[in-house]
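Here is a short briefing to read alongside your model. Keep the viewer open and follow the topics one by one.

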Amino acid sequence: ITVSEGLRQACLALGADPDRVHTIYQGIDRTLFWQRDRDEARSRLRLTPSVPTFVWVGRMVDVKRVDLLLEAVARLHRRGRRLKLYLLGDGPCEEAWRELTHYLGIEVVVEFVGPVRQEHLADWYSAADAPVLCSKSEGLPNVLRESLACGTPFVATDVGSIREIADPSYSIVVEPGDATALAEA
């Protein structure tokens with residue numbers, strides 16, 4: 001049993017019998033993740049209503065490439081773009097990413113929120129213009145699936161099985177490692 005077609009294909013590439021490998025997608029808790037009003041979600045979180053808002057959610061580890069996201073935000077900030085990025089989570093790279101935020105001069109647009117309980121994530125997804133996932137490796141991320149369940153489009157790097165849930169009508173997928181493409185997306 002795999003949780004995405006991409007993982008199924010990886011199993012088949014290793015020589016597994018196709019009749020014995022099946023994809024069963026994980027479910028989303030629809031009592032937690034459903035579409036909310038953006039303005040109301042921003043009000044509950046005390047976010048500025050008119051500023052484009054982006055969220056990143058996850059464990060702060062190197063594979064997540066938040067450094068790339070910070071570079072993309074710095075490019076936009078230098079061009080005078082108004083935006084706010086909220087980083088939800090913690091982990092061993094947090095201090096380095098805080099230092100990079102300072103080095104890039106984007107402390108005014110980046111906020112390290114810390115860990116957020118699952119029952120509060122829906123407000124963050126709903127309040128955001130988009131969550132951004134910039135990993136160099138993923139499977140089929142719950143972050144993006146939960147965001148879609150909340151009616152919020154996403155921006156992500158083209159890794160793992162993300163294309164299985166990506167559609168140009170509600171997502172932008174970019175090559176991994178490209179801060180310029182991420183900023184444009």
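Is alanine 156 buried or exposed? With a relative accessible area of 0%, alanine 156 is buried (buried means under 20% relative accessible area, exposed over 50%, and partly exposed in between, using a 1.4 Å probe and protein chains only). Please note that this is a predicted model, in which local features need pLDDT of at least 70 and side-chain atom pairs count only at pLDDT 80 or more, while totals for chains, interfaces and linings use all residues. Residues are numbered from 1 along each chain as its sequence is written, and side-chain values use heavy atoms, with hydrogens and water left out.

**Around alanine 156**

- Alanine 156 sits in strand E5 (helices, H or I with at least four residues, and strands, E with at least two, are DSSP runs numbered from the N terminus).
- Apart from neighbours within four places in sequence, alanine 156 is in contact with Leu133, Leu144, Ile162, Ile172, Val173 and Val174 (contact means heavy atoms within 4.5 Å).
- Leucine 182 is 26 residues away from alanine 156 in sequence, and their C-alpha atoms are 8.0 Å apart.

**The sheet**

- Six strands make up an open sheet with parallel pairing, in the order E3-E2-E1-E4-E5-E6 (two strands pair if DSSP finds at least two bridges between them).
- Strand E3 (110-114) and strand E6 (171-174) are the edge strands, each pairing on one side only.
- On average, neighbouring strands of this sheet are turned by 20° against each other, direction ignored (axes are lines fitted to C-alpha atoms, for helices over the stretch in contact, and angles run from 0 to 180 degrees between N-to-C directions).
- Strand E1 (residues 53-57) runs parallel to strand E2 (residues 84-88), and five bridges join them.
- Within this pair, phenylalanine 54 stands opposite leucine 85, and tryptophan 56 stands opposite leucine 87.
- Four of the five residues of E1 are buried, so E1 is largely enclosed by the rest of the structure.

**Helices on the sheet**

- Helix H6 (residues 142-149) lies across E1, strand E4 (130-133) and strand E5 (154-157), and runs at about 165° to E5.
- Helix H5 (residues 118-127) is largely enclosed by the rest of the structure, because seven of its ten residues are buried.
- The buried residues of H5 are Leu121, Ala122, Asp123, Trp124, Tyr125, Ser126 and Ala127, and they pack against helix H2 (38-45), E1, E2, E3 and H6.

**The H3 and H4 pair**

- Helix H3 (residues 66-78) packs against helix H4 (residues 94-104) at an angle of about 20°, with the axes 10 Å apart.
- That angle makes H3 roughly parallel to H4 (under 35 degrees counts as roughly parallel, over 145 as roughly antiparallel, 65 to 115 as roughly perpendicular and the rest as oblique).
- H3 contributes Val66, Asp67, Leu70, Glu71 and Ala74 to the contact, and H4 contributes Trp97, Leu100, Thr101 and Leu104.
- Six of the residues in the contact of H3 with H4 are nonpolar, one is polar and two are charged (Ala, Val, Leu, Ile, Met, Phe, Trp, Tyr, Cys and Pro count as nonpolar, Asp, Glu, Lys and Arg as charged, and the others, Gly among them, as polar).

**Two arginines with positive phi**

- Most residues other than glycine have a negative phi.
- Arginine 46, in the loop between H2 and E1, has a positive phi near 60° and counts as exposed at 76% relative accessibility.
- Arginine 65, in the loop between E1 and H3, has a positive phi of about 50° and counts as partly exposed at 22% relative accessibility.
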